[in-house]
Each structure stands twice: as structure tokens, then as C-alpha cells.
Amino acid sequence: MILRLVGLRLFTAALTLLCVSAIVFMAVEILPGDVASNVLGQFSSETARAALREQLHLDEPAIERYFLWLGNVLRGNLGIALSSRRPIADILWPRITNTLILSAAAVAIYIPLALFPAVVQAVNRNRSVDHLISVITLLLASIPDFLLALLLLIIFVVFLPLLPAVSIVTPSTDLVGWLKALILPALTLAIVMAVYAARMLRDNLIDVLEAQHVLMARLRGLPERRVMWIHALPNAIVPTLNVTALNFTYLAGGVVIVEKVFGFPGFGSLMIDAIRFRDVPLVEITVLIASCVYILANLLADLAAILLIPKLRQERA
Amino acid sequence: MRKWLNPAIMILLAAAVFGTVPARAQSDNCLKVVGTDWASEQQSVDPLINNNVADLMRLTTIYEKLVELDNGYQPIPVLAESWESDAAGSVWTFHLRKGVKWHDGRDFTAKDVVWTLKRVLDPKLESGAAATLSMLDPDKLEAVDNHTVRITTKSPTVELPILLSSKYTAMVPDGMNRETMQKKPVGTGPYMVDEFVTGPKFVAKRNPNYWKSGLPKAPCIELSGITESVARVAALQSGQADLLIFLEPSATATLKNDPRVKVMNSPGGSVMTLSMWVDTPPFDKQQVRQAMKLVVDRKKMVEAALLGIGAPGNDNPVPPNSPDAYRTDIIPRDVEKAKQLLKEAGHPDGLSVDLYTSESISTMVPIAQLYQQMAADAGIKVNIIMSPADSYWNEIWLKRPFITSTWGGRPTAEALSIAYLTKAQFPETHWYRKDYDALIVKANGTVDPAERRKIFQQAQKLLAEEGGVIVPAFASVSAAMRKDCSGYEPNNNVNNNDFSGFHCE
């Protein structure tokens with residue numbers, strides 16, 4: 001039964017992806033600006049532009065080009081980037097790896113950043129610490145990510161010159177270099193994700209701390225720390241897993257902004273560059289992959305919800 | 001005890017990460033030059049493809065031209081030591097510098113110059129200079145001896161040395177094609193690479209055989225670009241960058257008072273324009289165009305829109321402080337006369353116009369906004385239409401009757417031609433005037449410099465008084481370096497970026 005449900009979800013996800021691929025293709029078609037003049041520059045000659053248009057088959061009908069492209073992509077042939085004439089697969093992999101490392105770092109910071117304030121708040125409910133943390137998380141929640149990135153940059157680069165202003169990493173960057181490069185972008189992403197989770201977790205924890213089984217544990221004389229971490233927290237976390245899954249969908253987009261601000265050579269900055277320079281094949285692939293991640297993360301969020309809340313299982317089936 | 005453990009570990013970890021970072025991240029002795037942009041894939045090491053700031057920076061460290069332009073747009077010798085022409089200006093002889101070596105150890109000779117110019121003219125290679133150098137005949141480029149090149153032009157070209165300072169005409173070795181370059185570019189410039197790889201930085205090492213003795217002083221140079229202005233400024237302030245080039249006015253204002261940093265501005269710079277189509281209502285009436293010019297307070301434009309980093313302009317692309325300028329005083333603002341002219345043109349109640357602009361060049365927007373306020377005083381309602389930056393030059397520029405634009409500073413002849421001749425490739429103002437064209441043709445064929453200057457001044461006057469271009473200001477080209485660095489100056493001509501003398505203590 002669950003399998004059927006998961007299968008159905010996977011099928012709709014695949015269908016969505018197909019639609020997205022068509023939309024991406026169309027969107028690139030209607031992007032303002034002429035591909036040839038964007039690639040060749042403002043001062044290029046008309047003959048050069050015409051030659052490039054012919055080379056890219058831009059004169060053929062869009063629908064034909066779409067199916068040709070889709071067929072190639074499905075067969076794993078991602079094509080050649082317009083700007084560098086390099087195979088797109090070669091360009092993508094290092095970028096994707098970098099972004100995965102950044103995302104992993106962000107998640108690693110995100111977990112304690114969400115847990116600790118929530119626990120402190122729940123333990124000190126309605127005391128001044130609780131209110132203070134609430135104000136701080138609310139404040140952070142209302143700062144847009146790019147502004148938060150710039151604020152962190154000003155604090156940790158200009159006032160406390162500890163970290164690099166740009167997070168450029170190359171194949172020769174060592175571990176220390178990587179750590180320094182990752183801190184600011186990962187921290188930005190982690191804060192944006194953590195503020196919501198922390199606020200939700202605090203409320204859940206407070207409820208759980210008053211539940212019967214926690215009361216029971218206390219009556220049995222278990223130390224308060226054990227009550228909190230073993231008996232209360234796991235129960236409070238379950239409802240926030242959904243938020244975490246949704247946070248991952250934020251990560252897919254947030255990474256684009258943060259990478260751009262910090263100049264991190266990841267997937268997000270590649271996508272922006274591709275769009276800026278009208279590298280059509282690269283735009284199509286990167287946007288398609290980003291949509292893939294988004295759809296998958298949403299799928300996971302849904303599945304997590306279905307698996308965690310049995311009621312949903314029955315009603316949907 | 002255990003309570004202390006976690007914070008202690010965290011502090012240790014933090015110390016391990018932060019402690020290894022000195023004030024200046026000095027893992028090597030590379031000079032760190034940061035530009036405004038870095039295309040991640042579109043990276044060229046062929047001078048014929050020079051499309052963005054990153055390309056420009058990279059190419060100027062590797063390659064050099066025959067001549068470079070100074071701040072007054074006069075040619076200065078680089079790989080050519082001297083040059084002369086016949087009386088008509090159609091047979092040119094360039095004497096090349098001796099003792100210049102390519103990065104691979106070969107001598108730089110006349111054959112290399114001929115090969116380079118043939119590449120520039122090759123239509124298949126899509127060079128940006130093929131049009132401006134169309135008077136060159138690929139079959140009339142002649143290596144007279146190892147260090148002499150004779151060029152016979154199709155038509156008299158008095159300013160050929162200036163045209164050869166184009167960013168596309170940097171010298172490449174005989175026989176070098178695009179494929180070999182992309183793997184290992186070879187030039188005569190101050191820095192060189194063993195292998196070219198696309199990446200988020202470009203690192204090149206000192207050219208030990210560089211012809212300027214004792215230069216470059218640094219063992220290597222690292223080029224990169226930071227799009228985000230706050231991050232770029234922070235990199236310099238924290239000592240992670242040694243030199244920032246092409247600063248925008250807001251960054252210059254931030255850095256001006258920082259004791260750790262030196263800010264430098266070129267004396268003139270980019271031409272900021274508001275361009276009207278002279279054949280499209282309401283701009284087809286000369287009184288309207290004159291009124292739209294008279295409302296501009298040029299000094300205020302420099303102070304407010306460019307934050308003082310620039311110089312006022314007189315509605316033509318030649319800066320008032322140039323020896324070629326037709327007038328050296330600044331056109332005064334006259335709102336009453338503007339109103340009077342509008343009345344004469346049949347707009348007694350003022351008029352309403354759409355002005356297109358974009359963030360594509362950051363200084364265009366404040367100029368448009370300030371113009372809106374200035375024009376309002378004369379009853380001209382300017383509706384600013386912001387257009388997306390990435391398609392502005394394809395969709396709006398040359399396609400709308402009233403736009404903002406920017407031109408890099410250029411030598412007088414080129415500045416007056418590129419957008420204002422009838423056959424111009426970029427007719428920004430639809431200024432198709434036979435008498436103007438005739439003046440430019442006459443000037444280009446006049447060998448006597450004083451005589452030529454006079455004709456250029458007539459052309460400027462015509463353009464300023466009757467044309468469709470408003471030039472409220474010239475924006476300086478700015479750069480900033482750490483206090484203990486020296487040897488680099490921003491040039492009015494953005495394409496002139498000589499990093500050979502740049503070094504830090």
C-alpha cells in the first residue's frame with residue numbers, strides 16, 4: 001500500500017519533471033535578448049551572429065529542437081557549453097560536488113543551530129532567556145538571505161578580519177582553505193534554515209515536556225538532562241522533520257544567492273553565469289537539475305509526512 | 001567536568017580554523033588583482049575574443065600591443081618603438097622594439113605582427129576590430145626586415161597607430177591559432193602561464209625575459225573577479241586583495257577615507273550619454289533637443305550622480321579638458337531659455353518623454369534620475385523605464401528613441417565617429433548628417449595636427465548644438481590598492497591596464 005503510494009508520487013514527480021523540461025526550454029526561448037549577440041558581445045558583427053545562429057540551429061522550429069534536445073538528455077548526452085565549447089558533463093560535476101559539500105556543511109551547522117536555542121528556550125520557558133532568543137530568531141527570520149550574507153561578510157571580514165571575503169576554491173585548495181571558504185556561506189544558509197526550525201521546535205518541546213510520559217520519567221527520578229535529550233527531544237523533533245525537508249528545498253534555491261554573494265564556484269553560480277551569458281545548453285541543463293532537486297526534496301518532504309503521520313496514509317489511499 | 005568539554009572543544013576547533021589566518025592571507029607572494037566580474041565558463045585567452053572585464057584583465061597580463069594610449073588618447077610606444085607615414089597617411093612604417101622575446105623564448109619579429117593583423121582581419125575569426133581596421137588590406141602587410149613592418153592602407157588613415165591600440169590587436173606569435181592558444185597562450189607580456197585552465201582564478205607567473213628591465217617585481221599575479229560590491233570592497237579592506245580595478249562610485253566613496261587603502265581616479269574617462277533619436281518626435285525638433293540639453297546642471301551631475309568622481313561634459317564625446325575640445329568652459333544651465341525653446345517648438349505646456357535605462361552600468365541610473373529632476377523644472381516630464389540589465393544592450397539600446405548609454409573613453413576621431421557617422425555601426429542618435437560626415441572625413445585625411453584639431457572642433461560644435469546626444473558627464477575610471485602597493489594607475493582608456501609595474505611591499 002505504501003509502495004503504491006510512493007510509486008504514484010514518483011510517477012507524478014517524473015511527469016512534473018517532463019513539464020518542467022518543456023517550460024525551461026520555452027523560457028529560454030522567450031528570454032529577452034538575442035542568443036548570438038549575447039554570446040558574441042555587444043560589438044560583434046551581424047555576419048558572425050548569423051553564423052552562430054546557424055551553428056546552433058536557431059533557425060529551425062523550436063519544437064523540433066526541443067525533442068532533439070530532450071532525446072539527447074535522456075540518453076545522457078548533455079551537450080556542449082556554448083561559451084567554452086567544453087562538454088557540459090565535465091563542467092557540471094566539479095560544480096555539483098562543490099555545492100553538495102557546501103550544502104552538507106550548511107546542514108551540519110543547521111542541526112545544532114536549531115536544536116540548542118530551542119532546548120534552552122524550552123527549559124527556561126517564559127524567562128528572559130526565552131524571550132531574548134525569541135526576539136533574536138524572529139529578527140533573523142525577517143532578514144532576507146542575501147542581506148544576512150552581506151551582514152556576516154561585513155562582521156567577519158571587515159570588522160573582525162578572520163575569514164576570506166570570497167569563497168573561491170580550486171582543485172588545489174587544502175582542508176583549511178576549504179573550511180575558511182565554507183564557513184560564511186554555510187553559516188548564512190544554516191541560519192536561514194534554523195530560525196524557523198528552532199521556533200517550531202521550541203513550541204513542540206514545551207508541549208512534549210508537559211506530556212504524560214515525560215512527567216512519568218521525571219517521577220521515576222531520571223536526571224533532567226536525560227529526560228530532555230532521551231525522552232522529550234526525539235518526540236518533539238518528529239513534527240519538525242517536515243520543516244527540515246522543506247528547508248532542503250530552500251537550500252536548492254538559497255545556495256544560488258549565497259554562492260553568488262560569496263563567489264563560491266558551485267552549481268548556483270554556474271547557473272547564474274549561464275543565464276547571464278545566454279549559454280543556452282548550459283542554462284537548460286542547470287535549470288533542469290535545479291528543478292529535479294526541488295521536486296525530489298518536495299517528494300521527500302511529502303513521503304516523510306506520510307510515513308510519520310499514519311492518518312495521511314489512510315486518507316490518501 | 002563534562003559540562004566544560006563541549007565548549008572547550010568548540011573553542012579549540014574555532015581557534016584551529018581562525019588561528020591559521022594572518023591579517024593578510026599570505027600563502028604565496030602572488031599579487032591579487034580583483035575585477036568586477038568573472039565569467040565561469042566564457043574565459044578567453046585569444047585577444048580576438050575580449051568580451052568582459054575578466055578577459056580584459058587576463059589578456060593584458062599575457063599579451064601586449066604595438067602601441068598603447070595615454071590619458072590624452074595619444075599613442076605611446078610599446079612593442080613598436082616608433083612609426084612614420086608618407087604625406088598622405090596611407091603607407092605606414094612601424095619600427096619594432098628589439099630584444100623582445102615571446103614566453104617560449106623566440107624573438108618577437110615583424111612576421112608576428114603580420115600574422116596578428118591577418119588574424120584580426122580574418123572574417124572567420126570574428127574579431128571585434130575587423131570593422132575599425134577595415135582600411136587594412138591583408139595582402140599589404142609586409143615584413144620588410146625582422147624589425148620593420150610596412151602597412152599600406154586602402155584609404156589614407158592618419159590615426160593608424162591609435163587604431164592599433166585596440167584591445168583586439170594584442171600581438172600573438174606567428175602561426176599561433178585559437179586551439180593552441182587555448183591550451184598554452186604565448187605572449188610578450190609581463191606574466192605567463194605553462195598551461196591555461198578555466199577556473200575561478202587566473203594565476204600567472206613572472207615572465208623572466210620581460211623587456212622592461214627589472215619588471216615585473218612580483219613572482220606571480222592572481223586575477224579574479226567579485227561581482228558583489230560589498231564583498232569586493234571587504235576583500236581589499238581585509239588585505240585579501242591588493243588591487244581592485246573598475247570601482248563603481250559608491251565603492252570609491254566607501255574606500256576614500258580608509259587609511260589602509262589608496263584610491264585612484266583617472267582624469268577623464270567614460271562618456272555618459274542620454275541619447276535621443278533626432279528623426280523621431282518630439283526630438284526631431286531642434287528646439288526640443290536644445291531645451292533638453294539646457295536643463296542639465298553638469299557640475300551637479302558629477303557631484304550627485306557620480307559622487308564627484310568624474311568631470312562635466314559638453315554634449316559631445318570629447319572631454320572639455322582635452323586639447324581637442326571645442327570649448328573648455330562648461331555649458332551653463334538655463335531653464336528659462338529651455339522653456340522658451342519648448343514654447344517655440346509647440347510645447348507651451350511642457351512635454352512628456354520615456355527614458356530607458358538599466359542597472360547594466362551602475363552609474364546610468366543615478367544620471368537618469370537626476371536628469372528627471374532637472375528636466376522637471378522646465379516642464380519636461382521624464383518617465384524612467386528600468387529595463388533588465390542583461391538584455392539592455394540587445395533589446396533597448398539602438399532600439400528606443402531615448403536611452404542612457406556609456407562609451408569607454410576614446411581618441412577624438414574614433415569618439416566622434418563610432419556612434420555619429422551616417423554609416424556608423426551604432427547610430428545611437430540617428431544623427432545622419434552629410435555635413436558632419438564630411439568634416440570627419442576631411443579631418444581623417446588631414447595630416448597637419450593643428451589643422452585636424454580645428455576640423456574636429458567644428459564637428460563637436462555641430463554635434464553639441466544640433467545633435468541628439470546629451471553628455472552630462474565623464475565618469476572617471478577608478479581603482480584602489482592597499483597602502484603599501486604601487487605601480488598601477490587607472491587609465492581613461494579602460495582597455496589600457498598595465499600590471500607590469502604593479503607591486504606591493
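Start in chain A by selecting helix α5, residues 88-123, together with helix α8, residues 175-209: their axes come within 6 Å and cross at roughly 35 degrees. Keep in mind as you look around that this is a predicted model. Turn the view so that one helix lies over the other, and you can follow the right-handed crossing of α5(A) and α8(A). Now colour this contact by residue class: 26 of its residues are nonpolar, one is polar and one is charged.

Show the side chains next. On the α7(A) side, pick A:Asp145, A:Leu148, A:Ala149, A:Leu152, A:Leu153 and A:Phe156. Facing them from α8(A) are A:Leu184, A:Leu187, A:Thr188, A:Ile191 and A:Val192. Coloured by class, this contact shows nine nonpolar residues, one polar and one charged.

Now move to chain B and give each domain its own colour: domain 1 is 7-62 + 189-267 + 477-504, domain 2 is 67-177 and domain 3 is 270-475. Select domains 2 and 3 of chain B, whose C-alpha centres lie 33 Å apart. Where they touch, domain 2 of chain B supplies 10 residues and domain 3 of chain B supplies 11. Finish on the domain 2 side of that contact, where you will find seven nonpolar residues, two polar and one charged.

How values were computed:
Residues numbered from 1 in each chain as written. Chains lettered and ligands numbered in written order. Predicted model: local features only at pLDDT ≥ 70, side-chain atom pairs only at ≥ 80, totals over all residues. Axes fitted to C-alpha atoms, helices over the stretch in contact; angles between N-to-C directions. Helix = DSSP H or I, 4+ residues; strand = E, 2+ residues; numbered from the N terminus. Left-handed = near helix turned anticlockwise from the far one by under 90°. Nonpolar A, V, L, I, M, F, W, Y, C, P; charged D, E, K, R; others polar. Contact = placed C-beta atoms within 7 Å. Domains from an automatic or database assignment.
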